[in-house]
Amino acid sequence: MVLKRVDLQITAPEDVVVVRQTTRSLAVEAGLSLIDQTKIITAASELARNTLIHGGGGTAAVEIVRESPKEGLRLTFEDKGPGIPDLERAMQDGYSTGGGLGLGLGGSKRLSSEFRIQSKAGLGTRVVIARWKG
Amino acid sequence: MTIEKGVEVMDRIPILKMGSFLLVTIQVDMHDQLALALQDDLTERIVRDRATGVLIDISALDIVDSFIGRMLGNIASIARILDAETVVVGMQPSVAITLVELGLSLPGIRTALNIDRGMELLRAANSGVAAGDGFEES
């Protein structure tokens with residue numbers, strides 16, 4: 001069950017900040033602990049930047065969800081960019097095509113309770129993460 | 001400072017000079033270009049002000065992601081080449097835990113719990129150079 005949902009566009013660097021701030025305010029509202037808040041905001045920042053840089057922009061949905069007994073925050077990032085040809089490799093730390101540190105995908109997976117990624121060459125990428133309470 | 005979509009958009013992070021040290025307190029949620037601008041500005045100021053130390057206070061940051069982490073590392077590396085020490089102070093415990101889990105251990109970055117301890121570190125590093133032969137073990 002989705003208790004609250006905020007949809008955001010990611011088309012400029014400032015939008016990454018908006019994603020972080022929205023994630024923070026909904027994480028607080030969902031009752032996540034400070035450490036869980038910090039983890040999901042950090043993951044959101046990495047994935048929003050990926051959407052902007054690798055996906056050429058896209059959308060983020062931030063949701064407070066209850067899937068009893070789990071309750072927390074779920075984030076969905078979608079772009080219609082070039083897609084990721086080699087997902088396995090993209091998940092590895094240190095692998096980067098954007099000139100970054102290559103920690104974005106692997107790092108966000110470690111910071112999340114749940115992590116799903118779908119990507120099709122030429123069609124885009126969709127990443128869903130969740131951080132549950134407790 | 002202008003307001004865009006409810007976000008404070010600063011063009012620059014202010015850099016203060018205290019003796020031979022530069023002091024930066026990051027108090028806004030920086031977008032990537034702002035972080036890059038800070039890196040450039042600090043590089044320029046280290047040379048222009050002949051700074052021997054840089055103190056970066058991140059106590060107001062509630063996250064440090066890989067981009068900010070990389071910027072802090074870059075500043076420390078550039079400063080070292082320009083003969084200045086960098087100390088990052090005030091990292092929140094939840095930020096430290098998250099950084100390590102993210103996979104970023106900030107190698108080469110000196111840290112201190114607060115500004116006082118950070119200043120002590122910089123002064124100690126500074127007096128070591130003044131008293132010695134200019135070479136320093138790191």
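This is a predicted model: local features need pLDDT of at least 70, side-chain atom pairs count only at pLDDT 80 or more; totals for chains, interfaces and linings use all residues.

Q: Thanks! Where is Ile109(B), then?

A: Ile109(B) lies in the loop between helix 3 and strand 7 (110–112) of chain B.

Q: Is Ile109(B) buried, exposed or partly exposed?

A: Ile109(B) has 17 other C-beta atoms within 10 Å, so it is partly exposed. A buried residue would need 20 or more, and an exposed one 12 or fewer.

Q: Which residues is Ile109(B) in contact with, leaving aside its neighbours within four places in sequence?

A: Those are Leu72(B), Gly73(B), Ala76(B), Thr86(B) and Val88(B). There is also Ser77(B), 32 residues away along the chain, whose C-alpha atom is 8.4 Å from that of Ile109(B).

Q: New topic: how many residues does each chain bring to the contact between chains A and B?

A: Chain A brings 25 residues and chain B brings 22. On the chain A side, helix 1 (13–30), helix 2 (34–53) and helix 4 each supply at least two residues. Helix 2 of chain A gives the most, with nine. Sorted by class, the chain A side has 10 nonpolar, eight polar and seven charged residues.

Q: Tell me about helix 2 of chain A. Is it enclosed or open, and why?

A: It is largely enclosed by the rest of the structure, because 17 of its 20 residues are buried. Its length works out too: at 1.5 Å a residue, helix 2 of chain A should span 28 Å, which agrees with the 28 Å between its end C-alpha atoms.

Q: And how do helix 4 of chain A and helix 3 of chain B pack?

A: Helix 4 (residues 104–111) of chain A meets helix 3 (residues 93–102) of chain B at an angle of about 125°, and their axes are 8 Å apart. The two helices are therefore oblique to each other. Gly107(A), Arg110(A) and Leu111(A) make the contact from helix 4 of chain A, with Thr98(B), Glu101(B) and Leu102(B) from helix 3 of chain B. That contact has two nonpolar, two polar and two charged residues.

Q: Last one, strands! What joins strand 2 of chain A to its partners?

A: Eight bridges join strand 2 (residues 58–67) to strand 1 (residues 2–10) of chain A, running antiparallel. Another pairing, with 10 bridges, joins strand 2 to strand 3 (residues 70–79) of chain A, also antiparallel. A hairpin through two residues links strands 2 and 3 of chain A. Ile64(A) in strand 2 has Lys4(A) as a bridge partner, and its partner in strand 3 is Leu73(A).

How values were computed. Residues are numbered from 1 along each chain as its sequence is written. Chains are lettered from A and ligands numbered from 1 in the order in which they are written. Axes are lines fitted to C-alpha atoms, for helices over the stretch in contact, and angles run from 0 to 180 degrees between N-to-C directions. Helices (H or I, at least four residues) and strands (E, at least two) are DSSP runs, numbered from the N terminus. Angles under 35 degrees count as roughly parallel, over 145 as roughly antiparallel, 65 to 115 as roughly perpendicular and the rest as oblique. Two residues are in contact if their C-beta atoms, placed from the backbone, lie within 7 Å. Ala, Val, Leu, Ile, Met, Phe, Trp, Tyr, Cys and Pro count as nonpolar, Asp, Glu, Lys and Arg as charged, and the others, Gly among them, as polar. The expected span of a helix is 1.5 Å times one less than its number of residues. Two strands pair if DSSP finds at least two bridges between them.
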